[in-house]
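Have the sequence and the model open while reading.

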Amino acid sequence: MSAFPPFTVRAPASTANLGSAFDAVGMALDLWLTVRVESAAENRIDLLGEGADSLGGAAEDNLIFRAAARGASRLRVELPPVRVTAKNDIPLARGLGSSAAATAAGLLIAAALARKNARPEEMLQDAAELEGHPDNVAPALLGGVCLAVARDDAPPIARALSFPHDLACVAFVPDAVLSTTQARSALPSQVPLRDASFNVTRAALLIQAFMTGEWVDLGLATEDRLHQPYRAPLVPGLSPLSQAARAAGAYAAFLSGAGPTVMSLTAPSRADAVAAAMSESARSLDIAGRALVLAPSERGAHIVTER
């Protein structure tokens, strides 16, 4: 494969689960991983922003390169050596889909270098296999709010829900990290039937709320008994920060992905007040972190048009 003109790929952060829809629903956020790709004599990666001081090692070990290699294998091409400059604005190991963004970016890089249009369903399959589940990678690839369904005997599928133009997302991001592996290990292998039924009804209401814009239902629709009660000991601020967000006017608050970020959904006009309330609650509990006011992103991973 010959030299190529430089190009840039962007992939968004995401929040997953949304309380009741465990491993099933995710939403892209207007917070980005930006990756510049240039022809080079050998593979190299330069990291800027979040994680730059903690991620190291050989370029080929980086998730962006591993995802690109997976995409190239799917497309049956051999990728040329590249220099990647990754500017990451997504906090790592905080439940905001940083690894899903890296995976989506890598798959799109492979397609761009191969000069082929990868099929979305194949990219989703590769991404889900790299990530272990499709709830973050679906919005990272496709944007918006996605219902993602993993299947034992077939590739996952993703379906777009209505885009929430009139919602704001307020995330309190603790300084402390929480690995997905650690958060997964806190979950039981079985749950009571009544808890499964509890979540099924609320997840159905969550889908209805996103299809109709009935945000008043989000408080009930995001209630959960499948994962947050078991992860709460790992996230001491989950309950008080959620209560503070709702008291300040948020429709709902929940653990973002595997945590430890606490996410709230609110009207844009209330976002600053919700952010202030969550920050004050964290200060009172001596939890170091920051509040981010974010918008949902209608765009998923994409190549930036350069002039």
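On a 1 Å grid over the protein atoms alone, a cavity is a set of points where a 1.4 Å probe fits but cannot get out, while a pocket is an open set with protein on both sides within 12 Å along at least five of seven lines; lining residues have an atom within 4 Å of a point. Grid points are joined across faces, edges and corners, and a volume is the space filled by probe spheres set on the points. This is a predicted model, in which local features need pLDDT of at least 70, side-chain atom pairs count only at pLDDT 80 or more, and totals for chains, interfaces and linings use all residues. Residues are numbered from 1 along each chain as its sequence is written, and side-chain values use heavy atoms, with hydrogens and water left out.

**Cavity**

- One cavity of 30 Å³ or more is counted by this rule.
- The largest cavity holds about 50 Å³ of space.
- Its lining consists of Gly71, Arg74, Leu75, Leu107, Ala118, Arg119, Glu122, Met123 and Asp126.
- H1 and H3 are the elements that give two or more residues to this lining; helices (H or I, at least four residues) and strands (E, at least two) are DSSP runs, numbered from the N terminus.
- By class, the cavity lining has four nonpolar, one polar and four charged residues, where Ala, Val, Leu, Ile, Met, Phe, Trp, Tyr, Cys and Pro count as nonpolar, Asp, Glu, Lys and Arg as charged, and the others, Gly among them, as polar.

**Helix pair H1 and H3**

- Helix H1 (residues 63-75) and helix H3 (residues 120-131) have axes that come within 10 Å and cross at roughly 135°; axes are lines fitted to C-alpha atoms, for helices over the stretch in contact, and angles run from 0 to 180 degrees between N-to-C directions.
- H1 and H3 are therefore oblique to each other, given that angles under 35 degrees count as roughly parallel, over 145 as roughly antiparallel, 65 to 115 as roughly perpendicular and the rest as oblique.
- On the H1 side the contact (heavy atoms within 4.5 Å) is made by Leu63, Ala67, Arg70 and Arg74, and on the H3 side by Glu122, Gln125, Asp126, Glu129, Leu130 and Glu131.
- Six charged, three nonpolar and one polar residue make up the contact of H1 with H3.

**Helix pair H9 and H10**

- H9 and helix H10 (residues 271-284) pack with their axes 8 Å apart, at an angle of about 150°.
- H9 and H10 are therefore roughly antiparallel to each other.
- Pro240, Leu241, Ala244 and Ala245 of H9 meet Val274, Ala277, Met278, Ser281 and Ala282 of H10.
- This contact of H9 with H10 has eight nonpolar residues, one polar and no charged ones.

- The largest pocket has a volume of about 880 Å³.
- It is lined by 43 residues, of which Leu63, Leu92, Ala93, Ser98 and Ser99 are the closest to its centre.
- The lining of the largest pocket divides into 18 nonpolar, 16 polar and nine charged residues.
- The second largest pocket has a volume of about 260 Å³.
- H9 gives the largest share of the second largest pocket's lining, five residues.

**Backbone**

- The peptide bond from glycine 259 to proline 260 is cis, with omega near 10°.
- Arginine 76 has a positive phi, near 60°, and lies in the loop between H1 and S4.
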